[in-house]
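Hello,

Here is the structure I promised to pass on, with my notes on its side-chain contacts below. Please have a look when you get a moment.

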Amino acid sequence: MAGLAPFAEFALLLLACALAGAVGVRLRQPVLIAYIAVGIAAGPSGFEWVRAQDEIDLLAQMGVTVLLFVVGLRLDLHHVRHIGPVAVATGLGQLAFTIAFGIMLVLALGKPPLEAVYIAVALTFSSTIIIVKLLSDKRELDSLHGRIAVGFLIVQDVAVIVAMMLMSALRSGGDDAGAAAIAFSLGGRILAAALLMFVLMRWVLPRLVAVMARSQELLLVFGIAWGVTLAALGDWAGFSKEAGAFLAGFSLASTPYREAISARLTGIRDFLLLFFFIDLGAKLDFTTLGAEVGAAGVLSLFVLLGNPLIVMAIMGAMGYRRRTGFMAGLTVAQISEFSIVFIAMGITLGHVGTGALGLVTLVGVVTITVSTYMILYSQALYERLAPWLGVFERRNPFREQAVTAPMPGESAPQAIVFGLGRYGSRLIGDLIEAGIRVRGVDFDPEAVRMLKKRGLAVDFGDAEDPELLASLPLTATGWVITTLPSADSNRALLDGLHALGYRGRVAAAARDEAHVRALSAAGITLIFNPFDDAASHAARRLAREIQSPETPR
């Protein structure tokens, strides 16, 4: 392979990813694991198929930049006000727990004190990139647990940034006075960045984006350019590319064009992230792992079990239900690619040896692989573990009940609509106008708040949650209507309805023919396709207009 040109190497790499991804999908495995496996096979630890590492690393950085930019786009100021307290409390609580208990555990494994500190800190970082990708694939980014998870993962990212900045400062040496100067410089840069963001968001960006939005292609180019530019500025200012990219997206989150930008970036994000996972696999060093297998197993269990437990405990104490805490807790059951980078920085400073890097690398492989399946099959895990999770829920989960409180004077509905996106919210409004008593359910707390302000009877909750279904007035309801986009979510909803003995009728909205087949196989008889129905309705209106004698020639 050494004689191949970079273009041919990339062609072979993409072909390998496609084939490995197809095998992974066939085995019901996430494609990102297949991409990591291709990276291992293609990298120095494997067969060294590809040598264009610099080009792959650049595309990987672009993928990270676009992903964090899209994450920032989803987190506008209105959302921050609702998830801020729990995100900060959970993020800082998990950091403190993992560092404190991690140091004791690593010391018990026979590591020297300074190395124990480095490893314990590395174990605190969860991979925002992988988690956001998994939640996005499951369409759970807008759920309550998804929003909270993104919030405390951002807290972790800030901690990563601070730790790396301090490590960079230590690289050049420093005493107590130097540490004070570093802290003063860091505070000044954060203040300057906040002031710059305020000025841009208040007076510059709304007008600039409005001009760019006159062309959809230009809006896409501007979005990428803005994200990359702030990522470069963040790196130059001593923060990180990730922090700059996130701030770039956050600065546009309050504009009316954020959905258009986000939608157009989805395909580009997924393509570029392919190279991130390849790069991550290629950089895993397996030469130092043999002596660390036992310690890696112990630390992997600590991350896989300890981190979710502390998140569930904190969220339960703050007034969230056990299911929300469980789903959010699963997102910290792995360590981050930044953990490996953090240990590598310690090696360059002479603080830790290569054995620590091998240990953290192995913990990363184990926890990323296992936690991926934990997140993908989170509902099945919850159903099995729910009876033992009651200890993590207060008798009165007041914070979550503030969203789920029913409308005053509400009577038994004739129909319940699950999924209140653009289509579902329009459907429930039209049914109410037709005189139908209808109730809506959605897992996006912001959508629930907005619809409640309009006076609609809506509940917050996940259609896959058996406890939610049991709380609904199903016995007095003749129809259940689902507009959920996922076939798996619809199957889980139907299983829950059957388990509760629901005897009414079920209707569902399908996105495409594959969705129609899946819904039919699940036993739903009344299926409507929003796109086909809209086209048929438009055709009937046009036909009436065309055939009308008053239509101008």
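Tyr-423 is partly exposed, at 31% relative accessibility; buried here means under 20% relative accessible area, exposed over 50% and partly exposed in between, with a 1.4 Å probe and protein chains only. Its ring and that of Phe-528 have centres 6.5 Å apart and planes at 35°, so the pair is tilted. (Rings of Phe, Tyr and Trp, the last by its six-membered ring, pair if their centres lie within 6.5 Å; planes under 30 degrees apart count as stacked, over 60 as edge-to-face and the rest as tilted.) Tyr-423 belongs to helix α18 (residues 422–433) and Phe-528 to strand β6 (residues 526–528), 105 residues apart. Helices (H or I, at least four residues) and strands (E, at least two) are DSSP runs, numbered from the N terminus. Phe-528 is buried, with a relative accessible area of 18%.

Do keep in mind that this is a predicted model: local features need pLDDT of at least 70, side-chain atom pairs count only at pLDDT 80 or more, and totals for chains, interfaces and linings use all residues. Residues are numbered from 1 along each chain as its sequence is written, and side-chain values use heavy atoms, leaving out hydrogens and water.

Across the whole structure there are 11 aromatic pairs. One of them joins Phe-10 and Phe-275, tilted at 45° between the planes and 5.7 Å centre to centre. Phe-10 sits in helix α1 (residues 6–26) and Phe-275 in helix α11 (residues 258–282), so this pair ties together parts 265 residues apart in sequence.

How many salt bridges does a search of the whole structure find? The search gives six, where a salt bridge is a side-chain nitrogen of Lys or Arg within 4 Å of a carboxyl oxygen of Asp or Glu. Among them is Arg-439 with Asp-459, at 2.4 Å from N to O. Arg-439 lies in strand β2 (residues 438–442) and Asp-459 in strand β3 (residues 458–460), so the bridge ties together parts 20 residues apart in sequence. Arg-439 is buried at 11% relative accessible area, and Asp-459 is buried at 5%.

Another salt bridge pairs Arg-269 with Asp-270, with the closest N and O atoms 3.0 Å apart. Here Arg-269 is buried at 6% relative accessibility, whereas Asp-270 is partly exposed at 30%.

Best wishes
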